[in-house]
Structures are given as C-alpha cells and as structure tokens.
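Please open the model in your viewer and keep the sequence panel beside it. The tour below moves from one selection to the next.

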Amino acid sequence: MAAIEHPADSALPQADALLDPKLVGRFRWVICWLLFGATVFNYIDRQMIAVLKPTLQHELGWTESAYANIVFWFQAAYAVSYLSFGRFIDKVGARLGYATAFSIWTIGHMGHALARTALQFTAVRMVLGIGEGGSFPGALKAVSEWFPSRERALAIGLLNAGSNVGAIVTPLIVPLIAVTLGWRWAFIVTGLASLIWLAAWLMIYRTPRLHPKVGAAEVAYIESDPAEKSTPVPWLRLLTVRATWAYALGKFLIDPIWWMFLFWLPDFFAKRHHLDLISFGPPLIVVYVASDLASLSGGWFSSMLLNRGWSLNAARKTAMLIAAIAVLPVSIAAYVDSLWLAVGLVALAAAAHQWFSCNLFALPGDVFPRRTVASVAGIGGTAGAIGGMVMAKYVGAILDWMKDYTPIFVIAACTYLLALAAVHLLSPRYDPAKVDSLGA
C-alpha cells in the first residue's frame, strides 16, 4: 500500500522559519484550547463536592473525617488510574486515551446525583477519580505531540489555567443551580454540558502529520526538536531513571497542597469567616483568578528565559524558586482576622502553586522522549495523589481535633522549597533521560 503523503514531506521551509513561530501556522494552539476546555470541566467536576460540602454536611450529617474519607478514596482511585492511564495513553494515543478518560469521569460525575449516603458518594467519587486520572497524562501527551520544547511550558501553563477557570466557574454556577433546582441537578446540568467538549475532541484531534489543517511549516516547527527512537520503553525501566523520581517526588510534595485548597477552601471561608453557599463565591474567585494568571505567567516566564539564552535547567528552576518563596506567607492565613487579608494570602499561595506546577509539569516533556511522556506523567500523578491521600487524612484529623487551619497552612508554606530541593538533588542539570540504558 502506498504511503500517505503529507505536505510536510515535500519541500520544507527554510531553517529561519523553523525557529520563528510567527512564520508557521498556529493550529497547534487550537489543540491547546481544546485541552484548556477539558481541564475546565475536569475541575468543575472535581470541585463541586467542596462547594457543596456545607450543604451536604448539614443534610447528610457528615463529620470532618467522613468527608476526608470521601476525598481519600477519590484520590486512591485517582492514584491507581493516573499510573495505568499514563501507560494506556502512550499505547493508544492522546485522542482515544483522553476521550476514554473524559467519558469515565463524566459518568462518575453525573452519578453523584443518585448518591444518598457517604458510602455511595465514595463509590461515585472513585469512578470520577478513575476517569480524571487520565486527564493530565492525556494532556501532556497531546502537548508533547503538538509543541516543541521551546513552547511546551507555555502550552502547559495555558491548559493548566483551565483548572483555575473551572474553580472560578464552579462557585458561580453551582450555588445558583443548587438553590434553584437542588444540589442533585447541579451534577446533572454540568455533566450534560461537558458532552459538547467530548464531541469536539473526537472531531478535531489528530496528530500533526495526519491533520488536514496543519501545513508543512507548522509540522516542521513542531518536529524541530532532535529526532528520537520510536521503540517502546519498559515501564519498570522508567523507575530506574533519577529524573522520574525528581518529577514524582516533586508531585508527591506539592499536589496535596493544591488538593487541600480545592477541597477545603470553601469550608475554611465558611467556618473561619462565617460565609455561606453564596457569599464564599467572591473570595474563591479572587483566589482562582490569581492562580489562573500565575499559571499563564509561570509558563511564559521560563519560556522567556529560554528565549534569552538561559539553560533549560536554570530557567525552570528559577521560576520554581520564585514560586517557593512566594508561598511562605500563607502560614499565617488562618491566624489573621481580616477576611480579605486571608484571601490575599491564600490567593498568593495558590498562584505560587500554579507558577511552580506548570514548570514542574514540563519536566517529563523536557527530559524524556515523547514516547514515554504520558507514562512518566502517570507515575508523577500517582505520587501526587498518594500525597493527597495522606493530606486528606491529616486535614480531617486536625479539623476534628483542633478545628484550626493553622497547622495545615504551615505545612503548605514549607512544602515548595522542599519540592524544589528534591527536584534539584535528583535532576541537578536537567540532562536528557537515557531511558534506553539502565541506571540513567
């Protein structure tokens, strides 16, 4: 059978065009916006239980530990799924892999409308966690297929900004639906809306060389990184690579802080500052708008340093160091009496997390071959979810015992410097990972 000829196989653009993104097509950013939309729905589905926690806790009589257990088992399912979905997506590709994950988590999300007990909520949250475990491995796989290394952190920052948009939209729309139609309809309405994205993804997504809307110049630009082998890498071999553990340990340390913000901030504002289902919306919006801006600027900042001639190692770690320092003031957020001072401190910390996170997210694509990116992302996501499980138990126990968020925010303040130290010790130069030889 004759090979399919793509325009990229004909005369290639001049070398200058390969280096200047202004001279090539921009369809890759359509893919990035699709990933952004999926992340918005991901975080709407993920955060709804936190926004509805005061209502559900009153109606169903949950203790803090019961709520923590629901979060714990969601993250347990997420941890296992993140690991297995990473391998699955490396095998079947981003298009089918992401669609599968999205379908599973949408089913779990809409299933919340049928739950009546803490055990039933745990069950549907586990289905949600299984599906959501494929979200970031799929997104990182798609980014590695569609973006060269010089744009990867910016693309990740943009799609990761969807998490903050989802967190902004949720306290705006969910309380209105819950107050007018009941909390069960909030899960149904948002679940049906997400099916529009699924249809768009299946219609639009292809790899660059197979996409009819991508020209030769853009394909050449996307593929301008050094060529690599296409043979698969045994999964266990990735665990022998120090850079895998740099990413995994970084995620283990910082992801639980974001989970804590996501699942407990509404409760913090409700209990510490006496806000209700409607009134804690504006503080949450401030927090996540700040996070959104930081997600974009964090990716832009390290990309800007790269374009100015900085090494990959220096650019990424400088960005992470700035974020690690910026998060320190959150240690006193539960101590201050002023609502808006507390909001400012939490917003700064959440923004610093996203600045740090989008640069850490770039590590698999920065140092690993494309054929292993989703697998490495899966290992890191699993480590992050395990850390989140530990944090859930810790937060539930502290709130049942002390009813005080101060010990929780102190842990949050210290974590990012530890994460950066771990990344630096395990990957001191960001050298390319030699996954085809043991001990690399």
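What follows is a walk through a predicted model, with stops at salt bridges, a helix pair and a surface patch.

Begin by selecting Arg 46 and Glu 132, whose closest N and O atoms lie 2.7 Å apart in a salt bridge. Arg 46 belongs to helix H2 and Glu 132 to helix H6, so that the pair links distant parts of the chain, 86 residues apart. Arg 46 is buried, with a relative accessible area of 2%, and Glu 132 is buried as well, at 0%.

Next, select Glu 223 and Arg 209, which form a salt bridge with closest N and O atoms 2.9 Å apart. Glu 223 sits in the loop between helix H10 and helix H11, while Arg 209 sits in the loop between helix H9 and H10. Here Glu 223 is partly exposed at 34% relative accessibility, and Arg 209 is partly exposed at 33%.

Now show helix H13 (residues 281-307) and helix H14 (residues 312-326), which pack at an angle of about 150 degrees with their axes 9 Å apart, in a right-handed crossing. The contact includes Phe 301 and Leu 305 of H13, and Leu 312 and Arg 316 of H14.

Finally, turn to the surface and select Leu 249, Phe 252, Ile 386 and Val 390, a nonpolar patch with about 320 Å² of accessible area together. Val 390, found in helix H17, is exposed, with a relative accessible area of 52%.

How values were computed. Residues numbered from 1 in each chain as written. Predicted model: local features only at pLDDT ≥ 70, side-chain atom pairs only at ≥ 80, totals over all residues. Heavy atoms only, no water. Patch = residues over 30% accessible without salt bridge, like charges linked within 9 Å, V, L, I, M, F, W, Y side chains within 5 Å. Areas by Shrake-Rupley, 256 points an atom, 1.4 Å probe, with all protein chains shown as cover. Salt bridge = Lys/Arg side-chain N within 4 Å of Asp/Glu carboxyl O. Helix = DSSP H or I, 4+ residues; strand = E, 2+ residues; numbered from the N terminus. Buried < 20%, exposed > 50% of the residue type's maximum accessible area, 1.4 Å probe, protein only. Axes fitted to C-alpha atoms, helices over the stretch in contact; angles between N-to-C directions. Left-handed = near helix turned anticlockwise from the far one by under 90°. Contact = heavy atoms within 4.5 Å.
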